[in-house]
Amino acid sequence: MSDTSKSTPSAAASAPAPATRAAAPGAMVLAVTSGKGGVGKTFVSANLAAALTKRGYRVLVLDADLGLANLDVVLNLFPKTTLHDVFTGKAKLENAIHKAPGGFSVLLAGSGMVEYSRLTPQVRNEFLEVINSLVPKYDVMLLDTGAGISDVVLFAISLASEILVVATPEPTSLTDAYATIKVLAVQQNRDHVHLVINQAMRMGDGRAITAQLQQVLDRYVGTEVGKRMRLVHLGDIPIDASVREAVMRRQLLLLTAAGCPAAVAVSALAAKLDDALLKDS
Ligand SMILES: Nc1ncnc2c1ncn2[C@@H]1O[C@H](COP(=O)(O)OP(=O)(O)OP(=O)(O)O)[C@@H](O)[C@H]1O
Ligand SMILES: [Mg+2]
């Protein structure tokens with residue numbers, strides 16, 4: 001697979017296919033997405049960012065869930081300047097970037113972004129410009145997208161060189177994950193996505209789930225697009241009461257309970273991502 005190169009999105013992103021993912025210096029842009037909502041994308045994005053920062057990378061998390069942004073709530077950050085101000089020309093991009101408790105940078109959507117939850121040419125251009133300006137300044141950019149396959153979500157994903165699909169073991173979450181992955185294969189011509197099974201009852205369950213999902217993809221999607229969509233199982237995160245407690249206290253799990261099973265699992269994901277995508281690049 002030659003598609004793991006770091007990227008700078010181009011104007012080609014106005015098409016449904018992914019933006020040009022030519023090798024270029026700058027951040028590896030990873031879209032964190034899901035079929036079903038509420039499966040843990042924001043939790044994974046924020047804590048993965050903290051774990052990658054700890055490994056020495058310059059990390060930025062962008063709240064790409066324009067309609068229902070909630071990264072600010074999870075991080076307990078309510079900055080005056082947000083992506084909304086950048087899109088409306090009220091603030092410069094650099095003034096909308098803030099430091100999160102985990103030491104990484106964030107660009108929060110802020111309230112008022114609901115008007116941007118429709119993919120207009122303006123939203124496309126603003127989004128693309130923001131990503132292109134930030135790519136040279138970071139090693140990793142995580143795009144915390146909304147759930148599902150709306151055109152805004154798909155556009156945000158098209159700006160990423162790599163995709164991380166978060167799903168839980170529930171059948172509804174897996175069916176929706178399948179639908180999302182199918183769209184990514186058909187519309188964006190993607191040949192692989194990374195998969196994380198969150199809220200796993202037993203660690204290791206994700207391996208069997210991935211194998212089952214792969215079988216269905218090979219049978220239906222592979223034949224439709226004429227090539228294989230490969231699932232890369234990045235790991236599992238166990239269901240852990242500490243996650244909910246951290247969210248309720250608006251604290252980062254990795255900072256307040258680094259030894260709990262879910263935090264250990266997120267740190268292991270960061271190590272795997274580091275080995276698979278970031279080292280030697
Ligand atoms: N591993 C876990 N163990 C226990 N609870 C979890 C775990 N992961 C997530 N949760 C719970 O699920 C809730 C939703 O998580 P999160 O907000 O990250 O989901 P999301 O996919 O970003 O949702 P949305 O689609 O609305 O953006 C968290 O507030 C937390 O209570
Ligand atoms: Mg979220």
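Q: Which strands does α1 lie across, and at what angle does α1 run to β5?
A: This is a predicted model. In it, α1 lies across β1 (28–34), β2 (59–63), β5 (140–147), β6 and β7. Its direction is at about 170° to β5. Angles here run from 0 to 180 degrees between N-to-C directions.

Q: Which other helix lies across β8, and at what angle?
A: Helix α10 (residues 261–278) does, running at about 155° to β8. α10 also lies across β1, β5, β6 and β7.

Q: How many helices and strands does the protein chain have?
A: There are 10 helices and 8 strands.

Q: In what order do the strands of the open sheet come?
A: The order is β3-β4-β2-β5-β1-β6-β7-β8, and the pairing is mixed. From one strand to the next, the twist averages 25°.

Q: What makes β3 and β8 stand at the edges?
A: Count the partners. β3 (97–99) and β8 (230–238) each have a single partner strand, so one side of each has no neighbour in the sheet.

Q: How do you know that β6 and β7 pair, and in which sense?
A: Pairing needs at least two bridges between the strands. Strand β6 (residues 162–167) and β7 have 4 bridges, in the parallel sense. In β7, V196 is the bridge partner of V166. L164 stands opposite H194 in β7.

Q: Why is β7 called largely enclosed?
A: 8 of its 9 residues are buried, so the rest of the structure largely encloses β7.

Q: Why is Q199 called buried?
A: The cut-off is 20 or more other C-beta atoms within 10 Å. Q199 has 20, so Q199 is buried. Q199 belongs to strand β7. Its phi is positive, about 60°, although Q199 is not a glycine.

Q: Why does R250 count as partly exposed?
A: Exposed means 12 or fewer neighbours, and buried means 20 or more. R250 has 13 C-beta neighbours inside 10 Å, so R250 falls in between and counts as partly exposed. R250 sits in the loop between α8 and α9 (253–256). Its phi is near 55°, a positive value in a residue other than glycine.

Q: How do α6 and α7 pack, and what is the hand of the crossing?
A: Helix α6 (residues 171–188) and helix α7 (residues 205–225) pack at about 35°, with axes 11 Å apart. The crossing of α6 past α7 is right-handed.

Q: Which residues make the contact of α6 with α7?
A: α6 gives L174, Y178, I181, K182, A185 and V186. α7 gives I209, L213, V216, L217, V221, E224 and V225. By class, 11 are nonpolar, 2 are charged and none is polar.

Q: What surrounds ligand 1?
A: 19 residues do, and the closest are G37, G40, K41, T42 and F43. Elements that give two or more residues to this shell are α1 (41–54), β7 (192–200) and α8 (241–248). The shell has 8 nonpolar, 7 polar and 4 charged residues.

Q: What share of the protein chain is buried?
A: Buried residues make up 48% of the 281 residues.

Q: How many of the contacts between residues at least 6 apart join residues at least 24 apart in sequence?
A: In the protein chain, 75% of them do.

Conventions
Residues numbered from 1 in each chain as written. Chains lettered and ligands numbered in written order. Predicted model: local features only at pLDDT ≥ 70, side-chain atom pairs only at ≥ 80, totals over all residues. Left-handed = near helix turned anticlockwise from the far one by under 90°. Contact = placed C-beta atoms within 7 Å. Nonpolar A, V, L, I, M, F, W, Y, C, P; charged D, E, K, R; others polar. Near = placed C-beta within 6 Å.
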